[in-house]
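Could you walk me through this model in plain words? I'd like to know what to look at and how to find my way around.

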Amino acid sequence: MKENLVIVESPAKAKTIEKFLGKDYTVLSSYGHIRDLKKHSFSIDIDTFSPVYEIPTDKAKVVAQLKKAASEASTVWLASDEDREGEAISWHLSEVLHLSPEHTRRIVFHEITKSAILNAIDHPRNIDLNLVNAQQARRVLDRIVGFKLSPVLWRRVKPSLSAGRVQSVAVRLIVDREREIQLFQSEDNYRVIAVFTTPDGSEIRAELSRKFTTREQAEDFLKRCRGAEFTVQDITTKPQKRVPAPPFTTSTLQQEAAHRLGFTVAQTMTVAQRLYESGRITYMRTDSVNLSDLCLNASKKVITEQMGEQYVKIRHYHTHSKGAQEAHEAIRPTYMDQTHIEGTLPERRLYELIWKRSIASQMADAEIEKTQVVIGISGQEETFVAMGEVVKFDGFLSLYRDAQPQEDENAEERSAQLPETYLGEMLTRQTVTATQRFSQHPPRYNEASLVRKLEELGIGRPSTYATTITTIQQREYVTKGDKPGDTHDCLTLVLQGDDILASTSEVTLGAERARLVPTDVGTVVNDFLLENFPSIMDYNFTADVEKEFDEIAEGRTEWTHVISDFYANFNPMVEQSLKMRGEHRVGERMLGDDPKTGFPVSVKIGRFGPVVQIGNSELGEKPRFAQLKKEQSIDTITLEEALDLFRLPRLLGEHEGHEVTVASGRYGPYVACNGMFASLPKGTDPMAISFDEAIRLIVEKQQAEQKRQLKTFAEAPDLEILNGRYGPYINYKGANYRLPKSVHEHVSEITLEECMKLIHEQQDKETGEKPAAKRRYFPKKKQ
């Protein structure tokens, strides 16, 4: 082993760093954390709030390798990332490997380049325990919230649920927005656009300065325009400047990659991690928009050489977001003159985005000339307004324009170049069009807009947003999908000549793609937590906790005091909630009574998701249940829609002396006949499927089952040998039993007696009884 051992957290990072160091250095990876809180236990001493760590079994080999290498090296360099998580990794390495302080060095860098690595080695430091404690405080507080709240949800809502400090607040944002949409009432108005021509034949489009609320108002205005004269009443020209956006932080990179490249937040962070570890960009988990002097000088050179000196304007940005850490640098290329890289397509696209944003931030302002023309109408108070702009100097716009998350319907009119006009000039009216428009509900969050909102409220850290958004989807509190929008009949009135022409067209408004929508389970859990744990769900609480973590990192607060104060207020709420007794009714909504039986009809969260229930066991009757359809919600389902779910099972007819029915189960609708079940194809309406279609599905399922069936025994009809995913196995009375691999190739030779021996032996093993003396059931395969 060489004299110097460098430990990083990733193999890709180790490979890149090893290229920059000489033969006296060995670079190894810890593959992330080498120890953590125990996975399936609380792992926190409530008296001291000290965490109880363990080395996961899958890390034992890595730890042994690192221990051996550390014992043979004269100096160990801990080179994990420079954030709190990275500091904690270095501390855990120091503790587990029993590294002596005099032979251990902590080095940090925000880019993986030769100069940065060598500079870090020249300027080592000790492990910053304040950063470590800030990370421990976050980990311990999140473990307390998760482990204490989850059992409450299991008892009061549904088994296997979980809660988290940041994830629960993120779900609340999405639920609140969905409720806004449900309460939203669309209103219509009429937008009026006129087309004029100047004396030289040039065309001007202008919008009326007011909107009308009724058809009668719009139609009356068009009538008044029939004989009116239109005159240029005012011309205003103003110079404006547009300034480039600052270089990327973690949050803004996630948002821009979503808008411009269509990346998910998790995909952006994965690709950025690869770019960083291969030495292409600086560290990708940062709140700072600062750029180093080296970067500024390199950017100036690139801009001057490629675009000219007039495009250069060096800027020094400062971060204003909540809890920002200025110690880091913004995300930028490590080499500013490297416009393109080799790699996968996502890597090349994300790198190009980062390079353009970084260079553009040091480019000159764009100079715009905005023009507004006001067109008067003879005898009328209203005026038409035409907006236009001309780019006098493109500046940074020659390289980079921000992606717009929401389409601006007026952008085209504003960016149009207006023809030359003069005060008092008479214009000729061509057409005046009044178009009915409908107000739209607030947009649902997509991943990018949720990130923006979380950062705006100071909830969590941008580096954790990818994990948070992934978690709430994996736990099925939120789904990501498309919404079709609402269809409206849109009226258009056009004044052409002296005629007013009316036409109606169908338009779809509010259609959304890849939006985050709360599930019924997510909504019920959110409402329960808001009612019983309001402080945990408060946006300010989550943001204030982040501030306390910052104070711990700066050494101004003792981390155990923060946890102790939180626990003293939080634990009594948990105890009180667990004491509540009564039937499992969280999230239940009464819809009315069943007209046939008079029994109450309700909707709630069942063991396998949202269900409608008819009847009540407390009244002595056996309740009936039906699963909600995918597109239905317990918040909006009506009594009629709920009763419609009980139209299944539906008898379709008879096949070979057995009834054919269509029903709905845990996994969706299916057809059944003589013990054979076949799922309906996706999108098939169980109320519309025909008898012939059902028989076809049953026959196809029977044929598929026959292909799986390898052998049967006439004397034992409830025993069969089937072909499964991992090879042949025995199925006996609905239970499965393994077959030795040695007989997989000659299953046809196996006897009933041999099958029963295997079954009894495996049954004995499961019950803990000692099986009978073993003997060979199958002859050795002949060579």
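**A sheet, a helix and a cavity**

Let's start with an open sheet of 4 strands, which come in the order S23-S24-S25-S26 and pair in an antiparallel way. Its edge strands, pairing on one side only, are S23 (650–655) and S26 (676–679). On average, neighbouring strands here are turned by 25° against each other, direction ignored. Strands are DSSP runs of E with at least two residues, helices are runs of H or I with at least four, and both are numbered from the N terminus. Two strands count as paired if DSSP finds at least two bridges between them.

A word on what you're seeing: this is a predicted model, where local features need pLDDT of at least 70, side-chain atom pairs count only at pLDDT 80 or more, and totals for chains, interfaces and linings use all residues. Residues are numbered from 1 along each chain as its sequence is written, and side-chain values use heavy atoms, with hydrogens and water left out.

Back to the sheet. S25 (residues 668–673) is joined to S26 by 4 bridges, and the two run antiparallel. In one of these strands, S26, phenylalanine 677 is the bridge partner of alanine 672. Helix H20 (residues 691–708) lies across S23, S24 (658–665), S25 and S26, at about 110° to S26. Contact here means heavy atoms within 4.5 Å. Axes are lines fitted to C-alpha atoms, for helices over the stretch in contact, and angles run from 0 to 180 degrees between N-to-C directions.

Now for the cavities: there are 2 of 30 Å³ or more. A cavity is a set of points on a 1 Å grid over the protein atoms alone where a 1.4 Å probe fits but cannot get out, and lining residues have an atom within 4 Å of a point. Points are joined across faces, edges and corners, and the volume is the space filled by probe spheres set on them. The second largest cavity has a volume of about 70 Å³. Helices H6 (165–183) and H15 (520–532) each supply at least two residues of its lining, with H15 giving the most, 4 residues. Among the lining residues are Ser162, Gln167, Tyr477 and Met537.

Finally, look at serine 160, in the loop between H5 (129–156) and H6. Its phi is near 70°, a positive value in a residue other than glycine.

Notes: 1 Å grid on protein atoms, 1.4 Å probe; cavity = no way out; pocket = protein on both sides within 12 Å on 5 of 7 lines; lining within 4 Å.
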